[in-house]
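Please open the structure in your viewer and keep the selection panel at hand. The tour below moves from one selection to the next and says what is to be found at each stop.

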Amino acid sequence: TDGADYQYDLTWYMEEWGPLNPAVKAWQDTAFKQSIFPAFDRMGHMQAPYLDLVDHRDITRGIANFGSGPRFSTGYVALRNRAALLVETHMLKSYEVRVRATYDLVVATLAYVNAHAGTLREAVTRADAERIAHASGRALPLLFKTTDTPVTFTLKGYAFSHETSAISGDTWVTYDPHTPKTHEIPSYRDLVATESVRLPAAYAIPPQWTDVIDKLAEHGIRTERLAHAASVDAERYELTKPVWADKPFEGRHMLRDFAIASNRGTLALPAGTVIVPIDQPAANVAANLLEPRAPDSLVRWGFLDAIFEQKESPDARVAEALAREMLAKDPALKAEFEARLAADPAFAAKPEARLAFFYERSPWYATQKVGVYPVLRLDAAALGALRLRH
């Protein structure tokens with residue numbers, strides 16, 4: 001990376017927040033921070049945590065935790081109860097320095113693992129056992145933000161200067177690699193959860209959602225199948241107000257945001273329904289794929305876009321008659337419609353939007369189940385009843 005210049009030839013990142021198991025975090029802290037990094041420094045290198053600048057124009061404004069998330073290797077491995085280290089060698093250093101830095105860090109890591117045989121295995125075995133023992137009902141953080149309260153970080157950087165660029169119109173930063181300079185800067189290191197979910201005992205996926213089921217299999221997530229149809233008391237999400245990204249990302253159009261609500265009821269599960277129990281080491285992976293609000297859920301990646309498709313709509317002539325009938329029967333609906341007309345000029349100017357207002361509140365729209373998320377959440381009693389019957 002070349003967004004700034006500094007003395008370090010290697011920077012690193014580890015997941016230390018959110019779903020990472022405490023036993024694995026303790027191993028990472030002991031291994032890397034107390035032993036491997038000091039050994040690496042003694043080999044003649046300089047290392048630091050990953051330097052994600054708050055302001056690319058001024059390195060002294062501080063650094064922040066970019067919070068890798070499930071789509072990146074460090075974030076994914078943390079969900080699997082395993083240790084991981086992201087290595088970034090500095091692009092502005094020579095190729096030889098970057099290769100030697102990477103090589104020496106690998107050597108230092110292997111030397112530590114060899115000298116402390118079994119400690120990592122003990123940590124991950126304990127983490128897997130805890131994940132199974134404390135399955136349903138556990139609160140799992142899904143979305144995070146950087147803390148507003150920084151700690152002080154001693155940055156070994158270089159002197160730098162600013163000038164106004166006639167090309168970009170912005171401030172252009174230039175560094176002087178011949179003048180080392182130490183800066184005391186704020187580090188917005190910690191992440192705090194902004195959204196969490198309480199895990200169910202299991203998820204249930206209708207058999208026709210093969211793309212979703214295949215993706216779970218690719219991740220090695222344990223599943224069961226219902227041999228016969230059944231009815232079960234379950235929780236179901238409804239997603240509304242979807243907002244997609246303006247352009248593709250990694251070959252897909254991401255679902256950026258949506259509103260979410262849940263309800264409970266007795267729901268029918270067809271034969272072949274896939275059950276995903278949470279009492280397994282990969283529980284956090286399953287939840288991050290199937291909980292819609294997770295940052296890399298399958299619904300965000302477009303695997304369930306079909307739930308937002310409205311298949312039927314009335315002719316304008318029929319919708320006009322429907323609207324009049326609904327207005328005559330429901331004074332509260334009439335007041336809501338008139339308030340919307342007054343408050344939203346764009347809505348008032350579009351005949352199709354005004355007619356859709358009524359259709360979307362009619363029984364015919366409800367039968368299409370637009371926005372109904374097909375993956376159900378089962379509690380322990382429901383899961384037990386299904387297993388008893390099948």
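A residue counts as buried when its relative accessible area is under 20%, as exposed when that area is over 50%, and as partly exposed in between. Please keep in mind throughout that this is a predicted model.

With that cut-off in hand, select Phe308, which has a relative accessible area of 13% and is therefore buried. Trp244 and Phe308 form an edge-to-face aromatic pair, with 5.5 Å from centre to centre and 90° between the planes. Colouring by secondary structure shows that the pair links distant parts of the chain, since Trp244 belongs to strand 12 (residues 230–244) while Phe308 sits in the loop between helix 6 (283–290) and helix 7 (316–329), 64 residues apart.

This pair is one of 16 aromatic pairs in the structure. For another, select Trp12 and Phe37, whose ring centres are 4.6 Å apart and whose planes lie at 25°, so that the pair is stacked. Trp12 is in strand 1 (residues 10–13) and Phe37 in helix 1, so this pair ties together parts that are 25 residues apart in sequence. Both Trp12 and Phe37 are buried. Now extend the selection to Trp27, Phe32 and Tyr112, which together with Trp12 and Phe37 form one aromatic cluster.

Sorted by class, the contact of helix 1 with helix 3 has twelve nonpolar, three polar and one charged residues.

For the last stop, move to helix 8 (residues 331–343) and helix 10 (residues 351–359), whose axes come within 12 Å and cross at roughly 155°. Helix 8 is therefore roughly antiparallel to helix 10, and the crossing of these two helices is right-handed. Select Leu333, Glu336, Phe337, Arg340 and Leu341 in helix 8, and you will find that they meet Arg354, Phe357 and Phe358 in helix 10. By class, the contact of helix 8 with helix 10 has five nonpolar, no polar and three charged residues.

Notes: Residues are numbered from 1 along each chain as its sequence is written. This is a predicted model: local features need pLDDT of at least 70, side-chain atom pairs count only at pLDDT 80 or more; totals for chains, interfaces and linings use all residues. Side-chain values use heavy atoms; hydrogens and water are left out. Ala, Val, Leu, Ile, Met, Phe, Trp, Tyr, Cys and Pro count as nonpolar, Asp, Glu, Lys and Arg as charged, and the others, Gly among them, as polar. Rings of Phe, Tyr and Trp (its six-membered ring) pair if their centres lie within 6.5 Å; planes under 30 degrees apart count as stacked, over 60 as edge-to-face and the rest as tilted. Helices (H or I, at least four residues) and strands (E, at least two) are DSSP runs, numbered from the N terminus. Buried means under 20% relative accessible area, exposed over 50%, partly exposed in between (1.4 Å probe, protein chains only). Axes are lines fitted to C-alpha atoms, for helices over the stretch in contact, and angles run from 0 to 180 degrees between N-to-C directions. Angles under 35 degrees count as roughly parallel, over 145 as roughly antiparallel, 65 to 115 as roughly perpendicular and the rest as oblique. A crossing is left-handed if the near helix is turned anticlockwise from the far one by less than a right angle, and right-handed if clockwise. Contact means heavy atoms within 4.5 Å.
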